[in-house]
Amino acid sequence: MRRVERTQSHLIGGFAAVGAGVLHATAIGLHAEKPQLARVFMVLTLFQVAVGAAHLIRPRISVLVASLVVNSVAATGWVVTRISSVSWIDGLENRESPQIADTVCAGLGLVAVGVALGHLVAGSIDPPTRKSLQSALPIAAIGIAVVVGMWSGASHVHDHGDDHADNGDHHAASEPTSTDGGQSHSADSDEHGSADHGDDVDAAAIHGLTANWPRPYDPAVGVDISGVPDVSPEQEARAMELIMATQKELPQWADYDSAVAQGWVSIGDDATGHEHLVNRFLIVDGKFLDPTAPESLVYEVKNGTKTLVSAMFMADVGVPVDDPMLTEFAGPLMQWHVHDNLCFRIDPRGRSVVAGVLDAQGNCPPGSTLGGIGIAMVHVWIAPHPCGPFAALEGEGAGRAAVSDEERVDLCDHAHTE
């Protein structure tokens, strides 16, 4: 392919493409919780940096064509995702608002497109470069734009399935002013698929700075997990991030039928008032407390309506309930439990469903076998709960912890519940 003599515009186009690729590289980490989208940014990074480098080293006609195609695709993708959703890419299900980092990235891509198109259509559009650049100002401007984009990207806000994450913190909802010195984070309980438990929770108790734990919890009022004895700042921060991330991510499975279609299977316990859907592929995916891949979804069943109220996260098979990896994550704020007395049977549809619990003699009901032994689990609620954001279910649903029921921090006095 014929070589094209390098000019200043080639250098500008090359640096612009490389700069856009660098900004896409920073986006990979910012979107790591959405692997499919992160891979899209990875591909764009590789192609833009490659064509940009080729611009700088050996500007051939083939390089100009490649730059035109790659950067046009990148810029067009930016425009499309700002005016509509892209349902077939996980992470782009909702339209995103333009922000500094992605706008700069798209702008640099358009510069590269303009340079390539100009040379392909009009041939050489400026004199050849000599030993030094005719002017370093355009190159410096590109460098400054990239730095500005990378800097602003540190506080990048992206709406992946949730329209209220607009305060610069990817895992946080809007934060009202706290009047009690504690940490207070509000969230819209209706958008989070919350059950109608608002009357169960005393707002004053939530905002009261007390050492007692667990405390009543209502995402619509705020989250107060501060001041609990023996909880380190790091444990408190991890717990808060998990709560807020779960509030943000879980509503994408608010529709029961949609969750079933995506691979979650009921264990047939809806008669208890709460139904668990389990995704067995996610149980063995190696992820830990990941709200984008919850091993189990919990729906409240009331008057024929199923409302998503909680995630039930599971540890890896074989990890004991008192393993330090579990107990040290949030310290006394969180209680892990296991279900080692549940018996399962195969229903007519071929599903493994709960048939009952072991009797006093340690036997399962006829036609069922013991199952679910050894998997530690913990709830994180997106609906109000009088026993806190990590509350267990009542009765047999509470399972067994490494401590006595009196010592558990996921149970409380239920005198004010329904």
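Mentor: Of the 418 residues in the protein, buried residues make up 48%. The model is a predicted one. It holds 10 helices and 8 strands. Among contacts with a separation of 6 or more, 64% join residues 24 or more positions apart. The accessible surface comes to about 19,400 Å², and carbon and sulfur atoms account for 59% of that area.

A search of the whole structure finds 1 disulfide, formed by C343 and C364 with their sulfur atoms 2.0 Å apart. C343 belongs to strand β5, whereas C364 sits in the loop between β6 and β7; the pair thus links distant parts of the chain, 21 residues apart. The link is left-handed, with -80 degrees about the S-S bond. A disulfide is a covalent bond between the sulfur atoms of two cysteines. C343 counts as buried because its relative accessibility is 0%.

Strand β5 (residues 342–346) pairs with strand β6 (residues 352–357) in the antiparallel sense, over 5 bridges. Within this pairing, R345 has V353 of β6 as its bridge partner. The hairpin of β5 and β6 has 5 residues between the strands, and G350 takes a positive phi near 85 degrees there. Strand β5 also pairs with strand β7 (residues 369–370), again in the antiparallel sense, over 2 bridges. Here C343 itself takes part, with L370 in β7 as its bridge partner. C343 is therefore held both by the disulfide to C364 and by a bridge to L370, at a position that counts as buried because its relative accessibility is 0%.

Other strands form an open sheet of 5 strands, in the order β1-β2-β3-β4-β8, with antiparallel pairing. Its edges are β1 (265–266) and β8 (377–381); each has a single partner strand, so one side of each is left without a neighbour in the sheet. Strand β1 is joined to β2 (residues 274–278) by 2 bridges, and S266 stands opposite L277 in β2.

E275 and K306 form it, with the closest N and O atoms 2.9 Å apart. E275 lies in β2 and K306 in β4 (residues 305–314), so the pair ties together parts that are 31 residues apart in sequence.

Another joins the side chains of D102 and R82 at 2.9 Å, N to O. D102 lies in helix α4 and R82 in helix α3, so this pair ties together parts that are 20 residues apart in sequence. Both D102 and R82 are buried. A further salt bridge is that of D410 with R408, whose closest N and O atoms are 2.8 Å apart. D405, R408 and D410 are linked in a network of salt bridges. D410 counts as buried at 1% relative accessibility, as does R408 at 4%.

Key. Residues numbered from 1 in each chain as written. Predicted model: local features only at pLDDT ≥ 70, side-chain atom pairs only at ≥ 80, totals over all residues. Heavy atoms only, no water. Pairing = 2+ DSSP bridges. Helix = DSSP H or I, 4+ residues; strand = E, 2+ residues; numbered from the N terminus. Disulfide = S-S within 2.5 Å. Buried < 20%, exposed > 50% of the residue type's maximum accessible area, 1.4 Å probe, protein only. Contact = heavy atoms within 4.5 Å. Areas by Shrake-Rupley, 256 points an atom, 1.4 Å probe, with all protein chains shown as cover. Salt bridge = Lys/Arg side-chain N within 4 Å of Asp/Glu carboxyl O.
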